[in-house]
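Take a first look at the sequence and the model below.

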Amino acid sequence: MRSVSIVGIGQIPVGEHWDLSVRHIAYHAIAEALEEAGTEQVDALFVGNMLSGSLLSQEHLATLIADFSGLRNVEAAKIESACASGASALRIGHMAVASGMHDVVVVCGVEKMTDTSGESTTAGLATAADAEYEAAHGVSFVGLNALIMQRYMYEFDVPIDAFAGFSINAHRNGAKNAHAMFQKAISLDAYLNAPMIATPINIMDSSPVCDGAAAAVLVASEQAGTYVTGHHPGAVQILASASANDTIALHDRKDPLFLEAAYVSSQKAYVQSGVTPADVSFFELHDAFTIMSALSLEATGYARRGEGWHLAADDAIGPDGKIPISTLGGLKSRGHPVGATGMYQIVEAVQQLRGEAGAGQIGSASVGMTQNIGGSGATIVTHILGG
Amino acid sequence: MSIASLWRTRQQRYSLQGEICPDCHQAIFPPRDVCPHCSEAAGPLHTMSGRGEVYSYTKMFNVPDGFLAQRPYTVALVKLEEGPMVTAQLTDISDEDVEIGMPVEMVTRKLREEGEGGEIVYGYKFRPVLAAAD
């Protein structure tokens, strides 16, 4: 297996892009990544996307995007694993280059969620769950996370404001990211007075519906020197790439309050890279809901079961904390265009490791971890990147 | 869900028909081909009692297409007395009275209507155990 490096990144600001279609936002990210890598030719395009079929009536998405991007005679395929589609596509790209099957691959995560009504998008997102035994009973995706959060608060005697710190940290960091959807800090009062979506999850616990696309160019590390010339900011190596699954339905989990797939995929990634949790400079976790931040920290070795929320209360998750998370806003503030999110995490990790994160830059960032979750914890993909 | 899918799952939605694993004797709902507990072949069919308790719950204000007429409503994870957990709506109860651990029983209710002239989907919901039923 060859070591794989990222030599180009691109992203469109996350938001409601009424004036652009899925092909436009994907091309924006791909073009930026290819330009930075200084190449026009790739062997393959892998697209991470969840909802193009159900919301846009557009499948065969990777070929549509390759066509629009001027990438002809290349391999193009869409990778879908709900909200973990972005990182899953990166893993396929990583495998293609690591194996020697391809030399240059571009991976793009893209999602267009604002072309449809809120109810249609909510129904689309619920397809990440078991259609016959979860969605059929009217539970939304927020609802599933609310069921976890309610039980967590009951079992560990957690106060309702315990999760505020996750949201406040994400917004404080997102305010420094020009690509974030909400570039605005929020107060504790704003959190406490936010309207409920599904009790106990309020709007400030939840990431927004939005559009976005982010891309990266992958090459073999031994060939990265060819691309890193002139003003190029430098290659970032993928030190680990791992994925694990759990039951698709929340109600079938052995322990609905523990992200076993996050535990397994992060352990695999720690072994692959030789990195320990203490070596990680920052952690782009999947804060689609504040409860997921707590559970992710518990499953990856940063907190004991039931104690992840203490890290927010103690502000150990801030830019100068023990384990900075959501450093450029996370899913909460940068936004969560579902199939694109995993690639935004990768792009932001590369920005941090190059020292190009601007006002959101973490001091001495040498190792970054990203973790992308599909469903209510059913598919979890972990990557570790280094400079 | 399609008509075919609704027809296939009718015994599960109308009577909580699951299985008892012949190897490890654990209850399974809905029926599977492979036992999730011991990985041996699952079966034979077994109908659950319909009794259980609330493991967690949420009152949902933003709901998916198809459920707009009912909102807001409460969805729960119900731990059946045989062991499996199911996702279902609570009914015949006011929001303030819902508590984790409360005993509930299965009832058959309308889950959704697929618009004018469309199918009406029935299935299980859970209500507090009635005192008179004891």
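How many bridges join β1(A) to strand β8 (residues 236–245) of chain A? Three bridges do, and the two strands run antiparallel; one pair is A:V4 with its partner A:I238 in β8(A). Helices (H or I, at least four residues) and strands (E, at least two) are DSSP runs numbered from the N terminus, and two strands pair if DSSP finds at least two bridges between them. This is a predicted model, in which local features need pLDDT of at least 70, side-chain atom pairs count only at pLDDT 80 or more, and totals for chains, interfaces and linings use all residues. Residues are numbered from 1 along each chain as its sequence is written, while chains are lettered from A and ligands numbered from 1 in the order in which they are written.

Strand β1 of chain A covers residues 4–11, and eight of its eight residues are buried (20 or more other C-beta atoms, placed from the backbone, within 10 Å of a residue's own; exposed means 12 or fewer, partly exposed in between). Seven bridges also join β1(A), antiparallel, to β7(A), residues 212–220, where A:Q11 stands opposite A:A214.

β7(A) is joined to β4(A) as well, by eight bridges in antiparallel order, and A:V217 is the partner of A:V106.

The contact between chains takes 27 residues from chain A and 29 residues from chain B (C-beta atoms, placed from the backbone, within 7 Å). On the chain B side, β4(B) gives the most, with six residues.

Conventions:
Two residues are in contact if their C-beta atoms, placed from the backbone, lie within 7 Å.
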